[in-house]
Amino acid sequence: MFASACTPAAFRRVGEAVADTPVQPDVLGPFNSDAPIDTAQAWSERRAPLLREAFQERVYGRMPAAYAPRILERKPLEIRALGDAAIAEQWTIAVTDDPDPLKFNLVLVTPPNTVAAPLIIAEVFCGNRAATPGRPAAVAEPLTPVMYPCRHGWTDPIAEAVLGRYINGAPILDVIGRGYALAYFYPGDVVADDAELAPAALARLTPPDTPEDQRTGAIAVWAWLFSRAIDAVQADPRIDAARIAVWGHSRHGKAAIVAGAFDERIAAIIAHQSGRGGASLANSEEGETLEQITSEYPHWFAPAFAHLPAAGYPIDQHALLGLIAPRPVLLGNGDHDAWSDPHSAFRAAQAASRVYALFGDRGMTQSAMRTESVEDDLSFFLRPGRHGVTTEDWRLFLQFLDAHLKPDEI
Ligand code: GCU
């Protein structure tokens, strides 16, 4: 499954990005019949809707229709490893109306006696139980099949050694101790991360009369689920609905960026090693190719994404990052993760920074990949190491969140 991602070329050390040519197309230049953009208002009112349309048509497929999710169940969870430091609950959330609805389980962890805490919503790889310390039986297992190592606790030390200490889930006690609430869920509960199983759920969520080339892809649904999770939890008094961040690694980092670009309620976005279809440019010569990603994961995107026009894509991911402006976004990268193409992610962020400038915002101030500045609204880091989620990554994620969504003194 990950064959091409495991070649030596995928792990080679990444040097400094060389920005010899400007990223094309010019993010503020003419677009179809739309004139060049020179104000934040023109960007938000004219250009952003056209770009959201184009990303659905060309890359991710149609977003499912807006839907007010139903909370089917809410139950307290006893998680011994958290002791008295946090309160945990499991929410089961339906996202369709039919008698056997598509649904997902979300774990919400809050500091005790908290009011209006900023919230991080994370999508996890192996399901909620694997993301919870001690893998407690009370936490629901994923609703669709997951990779073999996800299913067994004995594999955790191996996964953590190869893919980082926090590959399965966030450092809950650190997050809570810093004053944040944390929610996490497995988006594969709704659309299985599997090319054979996904199409049935995608067909249920694709809006009627969508041309086949634009049918909804799994990443669009996983992005949409961040928004449904916000719908479900935002009225909870323990949460500050104005300070909700989304977090995702790799395929879920792609989803986090799309969520940020489509849902303006999201106050901050952390997309770690999101790679192709995430922050990295589609028109790039490095890392995973479009051919590789669309043939290995045909369910992730609209079928149209596999057909690259000879002249290259008429839109690219810097415009997607621009759709997040002026809200803060952090792009995490590893210097031995060439597969996810940190160079073109950096160049995309530099190009998107012009949109932030329209809003009078700091955008990206760093001129080199290794000199991160988490205070910037468009922020990028390149830490040593490969693909995965490490202690160092979470140190930087929390620094970034403190700079932008700081919890009240606790
Ligand atoms: C594969 C895939 C990447 C993806 C990654 C992940 O390596 O090729 O595009 O980001 O899986 O989700 O871990």
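**Helices, core and surface**

Author: Ala198 lies in helix H5, residues 198-205; helices here are DSSP runs of H or I with at least four residues, numbered from the N terminus. This is a predicted model, where local features need pLDDT of at least 70, side-chain atom pairs count only at pLDDT 80 or more, and totals for chains, interfaces and linings use all residues. Residues are numbered from 1 along each chain as its sequence is written, and side-chain values use heavy atoms, with hydrogens and water left out.

Reader: Is Ala198 buried or exposed?
Author: Ala198 counts as buried because its relative accessibility is 0%; the cut-offs are under 20% relative accessible area for buried, over 50% for exposed and partly exposed in between, with a 1.4 Å probe and protein chains only.

Reader: What does Ala198 touch?
Author: Leaving out residues up to four places away in sequence, Ala198 touches Val191, Ala192 and His299. Contact means heavy atoms within 4.5 Å.

Reader: Changing topic: which residues touch the most other members of the largest nonpolar core?
Author: Leu106 and Val191, in a core of 94 residues. Such a core is a set of buried Ala, Val, Leu, Ile, Met, Phe, Trp, Tyr and Cys residues joined through side-chain atoms within 4.5 Å.

Reader: And which helix gives the most to this core?
Author: Helix H6, residues 218-233, with 13 residues. H6 is mostly covered, with 15 of its 16 residues buried.

Reader: Where is Tyr148?
Author: Tyr148 sits in the loop between strand S4 (117-123) and helix H3 (156-163); strands are DSSP runs of E with at least two residues. Tyr148 is partly exposed, because its relative accessible area is 45%.
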